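Welcome! Let's take a friendly tour of the pockets in this structure.

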Amino acid sequence: MRIAALAGGVGAAKFLSGLVEVFPAEDLTVVVNTGDDFQWLGLYICPDLDTLTYTLAGLAHPERGWGVRGDTFHTLARLQELGCDTWFLLGDRDLATHIYRTAALLRGQSLNDVTHRICLANKIRATLLPMTNSPVPTQVHTDEGILPFQEYFVRRKCEPRVAGFTYSGAERSHAAPGVFEALREAGAILICPSNPFISIAPILAVPGIRETLRNSTAKVIAITPIIAGKSVKGPAATMLEQLGHEVSAVSVARMYQEFLDVFVLDRRDADLEPQIAYLDIEVKVAETLMDTHERKVDLAREVLALI
Ligand code: FO1
């Protein structure tokens, strides 16, 4: 049986690093959010693809989750001396990935071809696919106007109040080659514990993906990114609150209701089970805080047992 997963960055990477310990990585295809992608100094940066790549290759920075473990920042320091904006921290080894990717894209290769090569070079056995080959940059509507995603997230540290999102150009985009095949061939489709607004919604905005999930006979399983009303990392809880949703896992389950079979709820939220069951979604209560390697593997085992 094959598994397909929809994924954002750090939360998804943690979960999938546990999954590949107990499920053959060759049988896993990950459809990755590219809404966070942006260009900086002429380089094409794909934060979520890179976070997954570095994590599955065992190269990720252990505390931050993004970037390369033990990386140095000499190039960034020199760029700063030259007067460049350096609010987005790119390490020297990380830069190699962006230079390689940008050069390949400029030669006319597609993002999925480049991603495939980067995965091969990093000996990643799972298949990572960008959700689409065309740019679909997430724009964050805030009380200070519309901000490109990384401006909001990194430069402004999620301080402006969020009023909504645009996944620019999503309606004209096409899923990258392999995405529909992976979703159709999968015996189970996992929605990783990623931010529903900025990681999963951009993927679902690519024409045909939401419909494929809705019509799928495979079990669709989501793992909560919210534990006890808080996001483990990132602004998911803040976004729920600012957009007028109840700040709980139930709101996330509601966002996926039309295609979801099972919701994996954290044990601290076990009392929410009836509210999710009421949405006609099966509930599995588990330890979802992946703060140790054992917990990542245990959670992956719990999810596999549901399939
Ligand atoms: N996140 C930050 O909060 N600050 C950074 O300077 C930063 C740099 C960075 C460089 C490469 C990369 O692949 C990711 C990086 N991230 C940084 C993370 C990234 O902005 C976010 O994780 C995602 O886009 C949200 O999933």
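## The second largest pocket

The lining of the second largest pocket is made up of 8 nonpolar, 7 polar and 7 charged residues. Here Ala, Val, Leu, Ile, Met, Phe, Trp, Tyr, Cys and Pro count as nonpolar, Asp, Glu, Lys and Arg as charged, and the others, Gly among them, as polar. This is a predicted model, where local features need pLDDT of at least 70 and side-chain atom pairs pLDDT 80 or more, while totals for chains, interfaces and linings use all residues. Residues are numbered from 1 along each chain as its sequence is written, and side-chain values use heavy atoms, leaving out hydrogens and water.

The volume of the second largest pocket is about 390 Å³. Among the 22 residues lining this pocket, Lys14, Thr55, Ala60, Pro62 and Lys296 are the closest to its centre. On a 1 Å grid over the protein atoms alone, a pocket is an open set of points where a 1.4 Å probe fits, with protein on both sides within 12 Å along at least five of seven lines, and lining residues have an atom within 4 Å of a point. Points are joined across faces, edges and corners, and a volume is the space filled by probe spheres set on them.

## Helices around it

H1, H2 and helix H13 (293–306) each supply at least two lining residues here, and H1 gives the most, with 5. Helices are DSSP runs (H or I, at least four residues), numbered from the N terminus.

## The largest pocket

The largest pocket has about 860 Å³ of volume. Its lining counts 42 residues, with Gly9, Val10, Trp66, Phe153 and Lys233 the closest to the centre. H2 gives the most to this lining, with 5 residues.
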